[in-house]
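User: I am new to this structure. Please show me how to read its features, one at a time.

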Amino acid sequence: MPRLAASVETVPRSRIRELAEIAMSMEGVLRLYFGESSLPTPDYIKRAATRAIEDGFTFYTENAGLPSLRRAIAENYRRLHGVELDPAGEIVVTASGVQALNVAIRCALDPGDEALVLTPAWPNGSSIVTMANAVVRQVPQPWCGDRYGIDFDALAAAVTPRTRLLLYTSPSNPLGWVATADEQRGLLDFARRHGLWLLADEVYERLYYAGSSLGDPVPSILRMATRDDAVMVVHSFSKSYCMTGWRLGWLVARRDLAAKATELNEFIISHAPSFAQKAGETALAEGEGELRAMLARLKGNRDLCLEALAGMPGVAVPKPDGAFYLFPRIDGLEDSFGFCRRLLEETRVGLAPGVAFGAGGEGSVRICYAAERDILEPAIERLAKFLRSGA
Ligand SMILES: Cc1ncc(COP(=O)(O)O)c(C=O)c1O
């Protein structure tokens, strides 16, 4: 009997999914475990997709995506970051952020190579490294008073002759941490010094609450890096435009890697759906108003949750500047999965267990605060009651 490949057997199951699958078999759950808003995709984007289908965008496109969408993405970088990109050679449209991560990691790592991953982090990056038959070295981000930081000594200690890649996420899922300019410079210098690919997951770039005005993006690492640097940026339409189910994202990379990622796309997915790409163009061109309204709502939700968490016994959480997560640490918690399971079964509130996010994650839970108030408020109240009951 042939067996499954050992290399896939070693890829751990997502523990967020594991919790979610229990929750999905239950009625009346207040769902805060996935990284998505409960709001549907805005109508102007839906209408653009319908129009695109009617206009005949139902055929194969280029492996790198429609040239018009790549031009729109390049224009977005020019407007938001003052960065000039060549849409024909440095941008690859992908069928989601996770597919961008997948092809980027596949292009950078050989079997047996090692990747440094700053954690706690969304587990998919580490799992994709394992799927590429490479080795993950997770380096936890330390809690430094009122924010998370980066332990550059620990990063240096984790480098071996096989290290090829450093992956970080800013704004972070699950921490909400946003890399400062100094931290970005430190990561870039570190990658240059050790001859590593620097892979920046910037899918939450637009969900930023500490800019000079709401709607300012988190400054991309592309502002600091040159186009010859071994830097890759992964992005997505999922979070900024409530398009999680559409599966549309992109990768920006040095030309040689972007060219290879384009070729490999043929064998993975060929390209993102044609009409979704047209809808993505509309999102970039017309989305600023709705985006700002969503940011105001998210910021309000964040502050509401922070205030409530501040009053809960044994709970500590730094105020995050980006994304839509809180990652409170709970005193004495050693089994976050068990905690989330009991919380779910006893109160019908679904959170993601900290253990799902790798080294440094145990002892915390992740709350996604993108839900509507009629879900968020009772969920937070029930969590407070559950904690007060000494659970
Ligand atoms: C840090 C991070 N990167 C990438 C993604 C991928 O997003 P998508 O595959 O929906 O584009 C997510 C989704 O939760 C994420 O949290």
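**Ligand and rings**

Analyst: An oxygen atom of the ligand lies 3.0 Å from a polar backbone atom of valine 98. Here a polar contact is a pair of N or O atoms within 3.5 Å. This is a predicted model: local features need pLDDT of at least 70, side-chain atom pairs count only at pLDDT 80 or more, and totals for chains, interfaces and linings use all residues. Residues are numbered from 1 along each chain as its sequence is written, and side-chain values use heavy atoms, leaving out hydrogens and water.

User: Which side chains have an N or O atom 2.7 Å or 2.6 Å from an oxygen atom of the ligand?

Analyst: Tyrosine 204 has one at 2.7 Å. Serine 236 has one at 2.6 Å. Taken alone, the ligand exposes 390 Å², and the protein buries 94% of that. Such areas come from the Shrake-Rupley method with a 1.4 Å probe.

User: How many residues surround the ligand?

Analyst: A residue counts if one of its heavy atoms lies within 4 Å. Here 13 do, with Gly97, Asp201, Tyr204, Ser236 and Ser238 the closest.

User: How many aromatic pairs does the structure hold?

Analyst: Rings of Phe, Tyr and Trp (its six-membered ring) pair if their centres lie within 6.5 Å; planes under 30 degrees apart are stacked, over 60 edge-to-face, the rest tilted. The structure holds 11 such pairs. Tyrosine 33 and phenylalanine 34 have ring centres 4.9 Å apart and planes at 85°, so this pair is edge-to-face. Phenylalanine 237 and tyrosine 241 have centres 5.9 Å apart and planes at 40°, so this pair is tilted.

User: Which residues form one aromatic cluster?

Analyst: Tyr77, Phe237, Tyr241 and Trp250 do.

Definitions and conventions. Polar contact = N/O pair within 3.5 Å; in protein donor to acceptor, adjacent residues only side chain to side chain.
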